[in-house]
Amino acid sequence: MLFPSKIITCLLVLIVCMAAPSESAITCGTVTSTLARCVGYLTNSGPLPSDCCVGVKSLNQMTQTTPDRRQVCECLKSAARDITGLNTDLVATLPTTCGVSVPYPIRFSTNCDTISATV
């Protein structure tokens with residue numbers, strides 16, 4: 001009867017692992033490299049390159065879970081602190097300009113912990 005107890009133990013371990021809260025699979029390096037082409041536009045240094053909107057759309061597709069969206073929010077806030085001259089109006093409207101609907105405001109004061117993948 002030792003065999004059935006091992007199966008039950010394995011199943012319990014599997015269930016616990018599946019139920020554990022997921023962490024973001026997105027890194028800040030991915031976020032910044034995906035949106036790097038937007039910096040000139042967001043600092044009023046140039047026109048909106050099409051590659052920027054490709055990056056915005058790609059990042060939106062990558063962030064389908066709450067942990068991913070929160071991670072991207074934190075990464076963007078951190079990166080924004082290192083970029084001099086960001087136009088906050090352009091930053092706030094970038095998703096809409098690129099045809100992406102984001103269910104929360106894009107601001108430096110946004111509390112990333114309140115962001116959810118569900119609308």
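The legends below describe several views of a predicted model.

Local features are given only where pLDDT is at least 70 and side-chain atom pairs only at pLDDT 80 or more, while totals for chains, interfaces and linings use all residues. Residues are numbered from 1 along each chain as its sequence is written, and side-chain values use heavy atoms, with hydrogens and water left out.

**Figure 1. Overview of the helices.** The protein has six helices and zero strands, in the order α-α-α-α-α-α from the N terminus. Helices (H or I, at least four residues) and strands (E, at least two) are DSSP runs, numbered from the N terminus. Of the 119 residues, 29% count as buried; buried means under 20% relative accessible area, exposed over 50%, and partly exposed in between, with a 1.4 Å probe and protein chains only. Among contacts (heavy atoms within 4.5 Å) between residues at least 6 apart in sequence, 74% join residues at least 24 apart.

**Figure 2. The largest nonpolar core.** This core holds 19 residues, of which Val31, Leu35, Cys38, Leu42, Val56 and Leu94 touch the most other members. Two or more residues each come from H2 (28-35), H3 (39-42), H4 (50-62), H5 (66-81) and H6 (88-97). H4 gives the largest share, four residues. A nonpolar core is a set of buried Ala, Val, Leu, Ile, Met, Phe, Trp, Tyr and Cys residues joined through side-chain atoms within 4.5 Å. In soluble globular proteins, nonpolar side chains tend to be buried together. Apart from neighbours within four places in sequence, Leu94 is in contact with Cys38, Tyr41, Leu42, Leu48, Cys52 and Val56.

**Figure 3. Helix H2 against helix H5.** The two axes come within 9 Å and cross at roughly 65°. H2 and H5 are therefore roughly perpendicular to each other. H2 contributes Cys28, Val31, Thr32 and Leu35 to the contact, and H5 contributes Gln71, Val72, Cys75, Leu76 and Ala79. Seven of these residues are nonpolar, two are polar and none is charged. Here Ala, Val, Leu, Ile, Met, Phe, Trp, Tyr, Cys and Pro count as nonpolar, Asp, Glu, Lys and Arg as charged, and the others, Gly among them, as polar. Axes are lines fitted to C-alpha atoms, for helices over the stretch in contact, with angles from 0 to 180 degrees between N-to-C directions. Angles under 35 degrees count as roughly parallel, over 145 as roughly antiparallel, 65 to 115 as roughly perpendicular and the rest as oblique.

**Figure 4. Helix H2 against helix H4.** The axes of H2 and H4 come within 8 Å and cross at roughly 150°. This makes H2 roughly antiparallel to H4. Thr30, Val31, Thr34 and Leu35 of H2 meet Gly55, Val56, Ser58, Leu59 and Met62 of H4. By class, the contact has five nonpolar, four polar and no charged residues.

**Figure 5. Tyr41 in helix H3.** Tyr41 lies in H3 and counts as buried because its relative accessibility is 14%. Leaving aside neighbours within four places in sequence, Tyr41 is in contact with Gly46, Pro47, Leu48, Pro49, Leu90, Leu94 and Thr97. Tyr41 and Leu86 are 45 residues apart in sequence and 9.0 Å apart in space, C-alpha to C-alpha.

**Figure 6. Asn44 in the loop between H3 and H4.** The phi of Asn44 is near 60°, a positive value in a residue other than glycine. Most residues other than glycine have a negative phi. Asn44 counts as exposed, because its relative accessibility is 52%.
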